[in-house]
Amino acid sequence: MTLIGSAIRLLCGETGVFVLFHEGFDLQSDTEYIPIPYHLDGAACSSFLASLQGRVQPTADHLLVVDMFPSDVAKQPGLENSYERTGDTDELAQVLERCSLFLHDGEGNVGILHCLRPAGQRSCFEQTEETLQIFVAQLAVGIRSAVQVQALMKEQELTREREREEQRSTFISVISHELQTPIAIIKGYASTLARSDAELEPEALRSRLVAIEEEADRLNKLVGNLLYASRIQGGGLQMEVAPLDLGRLIQSVVRRLQFKSRDVMIVLELPPNLPTVMADRDRIEEVLQNLLDNAVKYSPRLRVLTIACRVTSDEVIVSISDRGMGISLEDQERIFDRFQRSENDLTQITPGAGLGLYICRAIVEAHGGRIWVESTLRQGSTFFFSLPRVE
Ligand code: ADP
C-alpha cells in the first residue's frame with residue numbers, strides 16, 4: 001500500500017512493515033495479524049518481525065517506541081539489502097534504529113507500523129505528544145478505509161471468479177446436453193436404417209430421415225450460435241448497416257414461419273408508412289427469427305402470436321407477444337445473459353442452450369437499440385426491441 005510507504009517515509013524511515021490487527025487482536029498473541037511489508041522481501045520481513053518479538057511494543061497509551069536495532073539482525077540475509085540509504089551495511093548496522101508506532105482511531109485498534117531508520121532521525125510528528133496523536137489518528141483512518149476498500153475489492157473479485165466458474169460449468173453441462181441429444185437421435189435412426197434386415201415402409205423411412213435432418217439442423221444452429229456468441233464476446237460483431245424497410249422484413253419472416261408451423265396463428269399489427277430504420281438486415285432477421293421461434297417453442301398449448309410495431313419520435317419498437325408459459329420476474333432479469341434458461345419443467349424438456357436472447361441483445365444493442373420483456377407466468381410474454389429511426 002502506498003499509504004504505508006508514505007507513512008514510513010514521513011517517519012524518516014525507508015523500509016518497514018505494517019502489522020494490521022485482525023478484529024479482536026490480542027496484543028500478547030503474535031499470530032493474529034497480517035503483515036504488509038514495504039521494501040522488504042518475505043524472508044527479510046519475517047526476520048525483522050522476529051527480531052521485534054520480546055521487545056517493548058507501542059500501545060494505545062505509549063504510541064511510539066524507538067530503540068536501537070541490533071547490528072547482527074540488520075546483517076541478516078534480506079535485511080542487509082533492504083535499507084539502501086548508504087552502501088555500507090557494516091557501518092549502517094551500527095546506526096539503525098527501529099521505530100514502532102501504534103495506530104488506533106475512534107473505531108478501535110488498527111495495527112502497528114514498524115520501520116527502520118538512521119539512528120537519531122526525528123520526524124516533525126514526534127515533536128509533541130499532540131502532533132503525534134494527530135498523525136496517528138489521520139493515518140489510522142486512512143489505513144482503515146484503504147483496508148476496507150481492499151477487502152471489498154477482494155470480495156468482488158471472488159464473486160466474479162465464482163460467477164465465471166458457474167458460467168463455465170453451466171456452459172459445459174448445457175453444451176454437452178445439447179450436443180448429446182441430437183447426436184443420440186441421429187445415431188439411433190441411422191443405425192436402424194443401416195441394418196441389413198431393415199425393411200421400412202416408405203412413410204416410416206421418410207419420417208426417420210426427416211428426424212435426422214431436423215436434428216442435424218439443430219446441431220448446426222447450436223454450433224452457429226456458439227460461434228456467434230464467441231464473436232460477440234471477442235467484440236468482433238460486424239454490422240452492415242443500411243436503410244431497412246422493417247415492415248417488409250417482418251412480413252417475409254412471418255410467411256416463412258407460417259409455412260413451417262401451420263398450427264401457429266399470427267396476428268400482424270403494422271402501422272401504415274412505417275419509417276425506415278438503419279439496420280443490418282440479416283442480423284435483424286435473426287433477432288425476429290429467434291424471438292418468433294421462442295414464442296412458438298414456449299407456447300405449448302395456445303399458439304397465437306401477435307407481432308406489432310409502434311413508432312415513437314426517435315425509434316421504432318417491435319413487439320412479439322405469445323400466450324405461452326410466461327416467465328417469472330426473477331428469470332426475466334437473467335434470460336438475456338449467456339446460457340441462462342428459465343427454471344421450469346417445460347424449458348427443461350425443450351431444446352435450447354440459452355444463447356438466442358443473448359445474441360438478440362448483442363445485435364439490438366449494436367444498433368443502438370434496446371430489448372426487454374414483459375411477462376406474466378402462465379399467461380404469456382411480450383418481447384420488445386427498438387431500433388433508432390433514420391433522422
Ligand atoms: P433457448 O431458447 O435456446 O433456451 P434463449 O436465449 O432464446 O435460449 O432463451 C432463454 C430462456 O428464456 C429460454 O430457455 C426460456 O426459458 C426463456 N424464454 C425465451 N423466450 C420465451 C418465451 N417466449 N416464453 C417463455 N419463456 C421464454
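This is a predicted model: local features need pLDDT of at least 70, side-chain atom pairs count only at pLDDT 80 or more; totals for chains, interfaces and linings use all residues.
Against which elements do the buried residues of α6 pack? Residues are numbered from 1 along each chain as its sequence is written, and side-chain values use heavy atoms, with hydrogens and water left out.

Helices (DSSP runs of H or I, at least four residues) and strands (runs of E, at least two) are numbered from the N terminus. Helix α6 comprises 66 residues, 129-194. Its first and last C-alpha atoms are 95 Å apart, close to the 98 Å expected at 1.5 Å a residue; the expected span is 1.5 Å times one less than the number of residues. Residues are termed buried under 20% relative accessible area, exposed over 50% and partly exposed in between, for a 1.4 Å probe and protein chains only. The buried residues of α6 are Leu132, Phe135, Val136, Leu139, Ala140, Ile143, Arg144, Val174, Ile175, Glu178 and Pro182. These residues pack, with contact defined as heavy atoms within 4.5 Å, against helices α1 (2-10) and α7 (202-233) and against strands β1 (15-21), β3 (64-68), β4 (96-105) and β5 (108-118).

Helix α7 has 32 residues, which should span 46 Å at 1.5 Å a residue, and its end C-alpha atoms are 46 Å apart, in agreement with that value. Its buried residues are Ala211, Ile212, Glu215, Leu219, Leu222, Asn225, Tyr228, Ala229 and Ile232, and they pack against α6, α9 and α12. Gly235, with a positive phi near 70 degrees, follows α7.

Two packed helices are described by the angle between their axes and the distance between the axes. Axes are lines fitted to C-alpha atoms, for helices over the stretch in contact, and angles run from 0 to 180 degrees between N-to-C directions. Helices α9 (residues 281-297) and α12 (residues 356-366) pack at about 145 degrees, with axes 9 Å apart. In this contact, Arg283, Ile284, Glu286, Val287, Asn290, Leu291 and Asn294 of α9 meet Gly356, Leu357, Cys360, Ile363 and Val364 of α12. By class, the contact has seven nonpolar, three polar and two charged residues, where Ala, Val, Leu, Ile, Met, Phe, Trp, Tyr, Cys and Pro count as nonpolar, Asp, Glu, Lys and Arg as charged, and the others, Gly among them, as polar.

Five aromatic pairs are present in the structure; rings of Phe, Tyr and Trp (its six-membered ring) pair if their centres lie within 6.5 Å, with planes under 30 degrees apart counted as stacked, over 60 as edge-to-face and the rest as tilted. One of the pairs is formed by Phe48 and Phe69, which are edge-to-face at 5.5 Å centre to centre, with 75 degrees between the planes. Phe48 belongs to helix α2 (residues 42-52) and Phe69 to the loop between β3 and α3 (71-74), so the pair ties together parts that are 21 residues apart in sequence. Both Phe48 and Phe69 are buried. The buried residues of α2 also include Ala44, Cys45 and Leu49.

Positive phi values occur at two loop residues other than glycine. His39, in the loop between β2 (33-38) and α2, has a phi near 55 degrees and is exposed at 52% relative accessibility. Asn273, in the loop between β7 (265-269) and β8 (277-279), has a phi of about 55 degrees and is exposed, with a relative accessible area of 76%.
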